[in-house]
Amino acid sequence: MFLLTSALVAVVCLLMVWIFQNADGGTQRRKGEPRARAEARPWVDEDLKDSTDVHQLEEDADDWQVSEEEVEHVPFSHTRYPEKEMLKRSQEFYELLNKRRSVRFISNEQVPMEVIDNVIKAAGTAPSGAHTEPWTFVVVKDPDVKHKIREIVEEEEEINYLKRMGPQWVSDLKKLRTNWIKEYLDTAPVLILIFKRVHGFAANGKKKIHYYNEISVSIACGILLAALQNAGLVTVTTTPLNCGPRLRVLLNRPANEKLLILLPVGYPSEEATVPDLARKPLDQIMVTV
């Protein structure tokens, strides 16, 4: 009887070990599966991740400034148009923006700097989380600096096209006839590099959290694109992967700023062409409830 009981205990123990090993192996496989899928996706620039994290404020409470600012509220001034005028203005604005295209052939003809000042002021009217205005617009006109930017971008973009982006992304871009050669970074009279400030600093040196910093800066970029179109200038929206840290150092920007978008700005060159693309009709982009 004792021998039978001992044998039974041994069998049970072996069975339990086998169950735990398989359960652990299954867990490891499940943990490994997302990593395998992630490797198959297009490469993502770590420098562009939105760092808005309310938990960080709790963890490093002594380093962050708690806002106690009081702001006066004033009457809102509004211009209301007759419906006929509203329709006319909205239609004209749509027609203006519908002519906007991404132009990769940009003339080296100089543009008035006052115009650049105005379009950036327009971008700065964008809404932002808690009115933190987490953006910096770096305007580059110096030919040597522009060429250094081109060298950095082309070096990283070649790696992006050959390795990081993946075959599907590269295939999707073929119709645009784009590659890692970015001549417009030299020829465009102005480059505007838009940085998001992942946090700010109070007067006492403590950090100020910037809520939804990437969304806020992206809205500002949309307004900037509209302002450039309104002024008769062209650009192409570029997001050069993995270039942010090097360009931030080149332009002497602080560590709390991350490059979001780079815009070459100017007039279209005489030989400029664009792909013959159509935009989705209203019934494919709007749902009314």
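Helices (H or I, at least four residues) and strands (E, at least two) are DSSP runs here, numbered from the N terminus. The model is a predicted one, with local features needing pLDDT of at least 70 and side-chain atom pairs counting only at pLDDT 80 or more, while totals for chains, interfaces and linings use all residues. Numbering starts from 1 along each chain as its sequence is written, and side-chain values use heavy atoms, with hydrogens and water left out.

T132 sits in the loop between α4 (113-123) and β1 (135-140). With a relative accessible area of 19%, T132 is buried (under 20% relative accessible area; exposed is over 50%, partly exposed in between; 1.4 Å probe, protein chains only). Leaving aside residues up to four places away in sequence, T132 touches I209, H210 and Y211 (heavy atoms within 4.5 Å).

On a 1 Å grid over the protein atoms alone, a cavity is a set of points where a 1.4 Å probe fits but cannot get out, and a pocket is an open set with protein on both sides within 12 Å along at least five of seven lines; lining residues have an atom within 4 Å of a point. The whole structure holds two cavities of 30 Å³ or more. The largest cavity comes to about 50 Å³, and its lining includes R100, R101 and Q229. α8 (213-231) and β5 (234-235) each give two or more residues to that lining, with α8 giving the most, three.

The largest pocket has about 470 Å³ of space. Its lining counts 19 residues, with R104, F105, R177, Y184 and T273 nearest the centre.

Conventions: Points joined across faces, edges and corners; volume = space filled by probe spheres on them.
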